[in-house]
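Student: I am new to this structure. Could you take me closely through one part of it, and then show me what lies around it?

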Amino acid sequence: MDADLITQILFAAIKTGTPLLFIALGEVICEKSGILNLGQEGMMLMGAVVGFLAAYTTGSMGLGVLAAMIMGSLMSLIFAVLVLQLGANQVATGLALTIFGTGLSAFVGSGVVGQTIQGFAPIDIPLLSEIPYLGEILFKHDILVYLSFAITIALYFVVNKTRIGLTLKAVGENPNAANAIGIKVLQVRYLAIMFGGAMAGIAGAYMSLVYTPMWVENMTSGRGWIALALVVFASWRIGRIMLGAYLFGLASIMHLVLQGLGWSISPNLLAMLPYVATVIVMVIISADHFKEKLLAPRSLGKPFDPRNMA
Amino acid sequence: MQADERLRQNGASTLNKQQTASRLELIDITKQYPGCLANDSINLCLQPGEIHALLGENGAGKSTLVKTIYGVVAPDKGDILWDGKEVTIKSPSTARDLGIGMVFQHFSLFETLTVSQNIELCLSQKHLDNIGDLASKIRQLSEEYGLNVDPHKYVHSLSIGERQRVEIMRCLVQSVKLLILDEPTSVLTPQEVSGLFDVLRTLSKEGCSILFISHKLHEVTEICHQATILRGGKVVDTCVPSEETPASIAKMMVGDLAEQETQYTKKEGTHTLFSANKLSLPSKQPFGTSLKNIQFELKAGEILGIAGVAGNGQDELMAIISGEDHRANKTSLSLDQMYIGHLSAGDRRKLGMAYVPEERLGRGAVPDMSLTENTLLTHSTGFIKNGLVQWQEAKEYASRLIKKYNVKCHGEFSEAKSLSGGNLQKFIMGREIGQNPKLLICAHPTWGVDVGAALAIHQALLDLRDQGAAILLISEDIDELFLLADRMSAICDGHLSPQVKTQDTNIDQIGQWMAGTFIDTQRELTQETQS
């Protein structure tokens, strides 16, 4: 294997990993606040279809991304109201959101199936893209990839270095205590959920505007679920999520790579790789209960009702 | 009558003091919850530097009142004066801005954050800027008050006593003028309690007012300047604790019901019924305590009490003995000369073991099930004929329990979660005692139960013992253990102390053991026997 091929593979891994990165970053913020949102797939699909429709009708890619973000947050707002305000079960509500989003996106997008648009053009960053190998891998992408870099760095800073991050962790660990010291638990959770929705929306837009610039039913093909696994895989750390997203991205293009090398393995088998990797990672992590509990937000999935505080 | 007179005096004195502006004054605070008037026109007055005790049984309205002061609960009626000015305390942050700090009974700390991060979360940005370097401020205060708090430690690595000091530190950093402590000593060893009292006295001398909620009356007489006694949501009396005795205050708390200083006869067991032999197991929980070489015998017809500060391995020990956690070696536990370490909880129950866990809702009872159904949980064999549940019998049994233990609820069809903690405790105790077990394992038998019902539970436990059952009692309430247990022991960091007859020991020794003084000698002994 020559260096050029490796560069190309890594370049493609980043491209493939980017939607996973977006959605997993959204989910990790949501989970850090103690909310498990299984509606990722539904929010992502709605983001994809609405983003595509907006870009297709207006011709503006920026509007497409914006529309997808708004759609994602609206979807997550449904979830937030049900879970936070009405005390619905998080798991059931999240699953319902995914099923709802899958159906609704197919319905909304039925008119534009198979239509294509001109996706985001790659932008070579001056100077940086000149770096041998590294420049090829990192700095010849489209704007959304750069956006994902920026968001990752910003979130890393916010979560680990600021009071906002501290508040988020506090709410996810012990909402009752957080409430007692005057943190507005529900408000924090609303914001976290809606941030997750917006990120899922961008992830969807990335699929339908950049990755394959068109709308096909169910085009996210389970990435929302992989992202959930990715968050556990990364043990709720921002840096590891980025690494994990690209690893998962690499796993999902492995069949192309191996084909390129002339190995004759059924592409169907190879297409399973990311899912197999997900299962293996989950098993390895859950084997150590001790560690799993230490790393996870301690109140993840548990409802909090301020009215029960008295 | 006496009470009325005192009330009037108190009222008069508040009027006089209004010119000098009390630190805090509550006027006619009223709070109505569905089905319960938690606070009924409560008046209370606190001077700067005063340590004021708030007394009353569970459900008397103490918690609601302090939550009102701290802004967690909004009162329906009444005024709050702070330094003579009327204020509305909308939220805990308003309270903190005024200079009110609170140390909660169940700590409000975040275990995965460090001490200084925990403290930072409570401070406003303005406050933080004023302080500058928070860690060094914490160190400085720590030295000043002898709190011994390391700002960079993670909270999950701290003992309960240390965590409480972190909470107090959190208030000190905000330079509080009123510190509210909700049952601060219930989780401390006697030695830690006296350390806490030193801190409180220093604070009081500096002019900080302290509102002190406690059930332990000898502490109140030791440290408090004033006391207000609540019953059924009303102020029934006030007194100067140093002029009273614990017995006389108890009488004010419960009316004329109290029977203080009861003594029960101590018994010696007949033959060894249950024993734990070299029981060592790592904890399943990340913040749990591993059990280390636990060894004890329990005789039929005796009560063995295990004292200890919460979180020292009690939960793990209970889980292992009850069978909830059955990772123990087969031979490490035996009942009636039979090895039972490998048996499941259900099989152990069939052999005559019964179990009252600490966590009532979720472990001791299923929250969403009726009391009748909850009875069935542990009486399954009794109420089943030909594979069918005998609902009528189960219902009658449940209603008998409700009557016998005076459980306050709508009826046997009430859901377990609708009962107050104390009432559910009475029900669960009744259910387990009612099985006439050979061995009863019981955590905090009267936790949250009022004095009258506690007496009934004590009597039921003693009757069970007299019938020849063995009882293992795990509690944080040393006084209760001394009252009931025939032999005593203490648990610390997963080590179990030797067992001694209750007559042959005293609170001091058990307190030392709770702090772990026995561990080194025990370790040497085992090493000697091994070599």
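**The nonpolar core**

Tutor: In this predicted model, the largest nonpolar core has 236 residues, and Ala24(A), Leu230(A), Ile241(A) and Leu473(B) touch the most other members. Such a core is a set of buried Ala, Val, Leu, Ile, Met, Phe, Trp, Tyr and Cys residues joined through C-beta atoms within 7 Å. Buried means 20 or more other C-beta atoms within 10 Å of a residue's own, placed from the backbone. Helix H9 (residues 185-211) of chain A gives the largest share, 18 residues. Helices are DSSP runs of H or I, at least four residues; strands are runs of E, at least two; both are numbered from the N terminus. Domain 1 (48-72 + 91-254) and domain 2 (272-365 + 434-530) of chain B both contribute, so the core lies between them. Those bounds come from an automatic or database assignment.

Residues are numbered from 1 along each chain as written, with chains lettered from A and ligands numbered from 1 in written order. Local features need pLDDT of at least 70, side-chain atom pairs count only at pLDDT 80 or more, and totals for chains, interfaces and linings use all residues.

Now Ala24(A). Leaving out residues up to four places away in sequence, Ala24(A) touches Ala227(A), Leu230(A), Val231(A), Ile241(A) and Ala245(A). Contact means C-beta atoms, placed from the backbone, within 7 Å.

Chain B also holds an open, mixed sheet of 6 strands, ordered S6-S7-S8-S3-S9-S10. S6 (100-103) and S10 (234-239) of chain B each have a single partner strand, so one side of each lacks a neighbour in the sheet. Strands pair if DSSP finds at least two bridges between them.

Conventions. A residue is buried if 20 or more other C-beta atoms lie within 10 Å of its own, exposed if 12 or fewer, and partly exposed in between; C-beta atoms are placed from the backbone. Two residues are in contact if their C-beta atoms, placed from the backbone, lie within 7 Å.
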